[in-house]
Amino acid sequence: MFHILILAALPEEADALFPGEGVREAGPFAVRRLAAYGHNLTIATSGLGKVNAALAVGLLGAEADLLLMTGTCGALGAEPGRAYWIAEAVQHDYGAMQPGLFRRYRAGEWPIGEAGEAHFAAMPDPGLGLPHARIASGDSFVACPDAAAGLARDLGATLVDMEVGAVAQAATRLGLPWAAIKAVTDEANGASAGDFHANLVRAARAAADGIERLLDRL
């Protein structure tokens, strides 16, 4: 039996996982606690952005053996509508601003000198059959094709969101394994806001299905 903290940025994403089940708790984050697949689960809605996600891990992750994240994301060349196993996460807005260049470093490390590999690696995929992706996380909603193309080109990312990179950093700092499954709502372009809202519930359910299959394999 594992104690597992599962984060979602939005209520729609959290509620797609074991809908209607669990005991709700009051506090700075909306939390449900339940048992499923032989594990004790804490499902928390962190709110948007890296600070909210990291704060939720800090407040709720002390008793966890594993950190998971479910929810939605934008595509940087990935297939719209699909759920993805997040194999690697990088924070696209952490680094050093230099003349004519923004150099990205691994979040939490000195943004000085030679830049090494910036990503955080997730736990091994237990064989869910989902396509693997690298996600670029930052405190901005990407709705610009040029910005999206730059993230894909410079970071090798195929997905973009606002939280997973921070969850990965916090998990690494706490010495905990982590994983994330995200489903695509939009293509990080001028139609992203409308597409996001239109596809949020469906994509949240797709990601939740993947998380439930993961829990069954742990």
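**Briefing: aromatic pairs, a helix contact and selected residues**

The count comes to two aromatic pairs, where rings of Phe, Tyr and Trp (its six-membered ring) pair if their centres lie within 6.5 Å. This is a predicted model, in which local features need pLDDT of at least 70, side-chain atom pairs count only at pLDDT 80 or more, and totals for chains, interfaces and linings use all residues. Residues are numbered from 1 along each chain as its sequence is written, and side-chain values use heavy atoms, with hydrogens and water left out.

**Aromatic pairs**

- The ring centres of F18 and Y37 are 6.2 Å apart and the planes stand at 55°, so this pair is tilted. Planes under 30 degrees apart count as stacked, over 60 as edge-to-face and the rest as tilted.
- The F18–Y37 pair links distant parts of the chain, 19 residues apart. F18 sits in the loop between helix 1 (11-15) and strand 2 (23-25), and Y37 in the loop between strand 3 (30-36) and strand 4 (39-45). Helices (H or I, at least four residues) and strands (E, at least two) are DSSP runs, numbered from the N terminus.
- F18 is buried at 7% relative accessibility, whereas Y37 is partly exposed at 40%. Buried means under 20% relative accessible area, exposed over 50%, and partly exposed in between (1.4 Å probe, protein chains only).
- The rings of F141 and F196 also have centres 6.2 Å apart, but their planes are at 75°, so the pair is edge-to-face.
- F141 lies in the loop between strand 10 (132-137) and helix 3 (145-155), and F196 in helix 5 (residues 192-217), so the pair ties together parts 55 residues apart in sequence.
- F141 is partly exposed, with a relative accessible area of 43%. F196 is buried, at 15%.

**Helix 2 against helix 4**

- Helix 2 (residues 50-60) packs on helix 4 (residues 164-174) at an angle of about 30°, and their axes are 8 Å apart. Axes are lines fitted to C-alpha atoms, for helices over the stretch in contact, and angles run from 0 to 180 degrees between N-to-C directions.
- The two helices are therefore roughly parallel. The cut-offs are under 35 degrees for roughly parallel, over 145 for roughly antiparallel and 65 to 115 for roughly perpendicular, with the rest oblique.
- K50, A53 and V57 of helix 2 meet A166, V167, A170 and L174 of helix 4. Contact means heavy atoms within 4.5 Å.

**Positive phi**

- Most residues other than glycine have a negative phi.
- F18 is not a glycine, yet has a positive phi of about 45°.
- A188 has a positive phi of about 50°, and is not a glycine either. A188 lies in the loop between strand 12 (178-186) and helix 5. A188 is buried, at 0% relative accessibility.

- M1 lies in the segment before strand 1 (3-8). M1 is exposed, at 68% relative accessibility.
- Leaving aside neighbours within four places in sequence, M1 is in contact with G38, H39, N40 and D65. M1 and G38 are 37 residues apart in sequence and 5.7 Å apart in space, C-alpha to C-alpha.
- R82 is in the loop between strand 5 (66-75) and strand 6 (83-91). R82 is partly exposed, at 34% relative accessibility.
- Beyond its neighbours within four places in sequence, R82 is in contact with P131, K182, A183 and V184.
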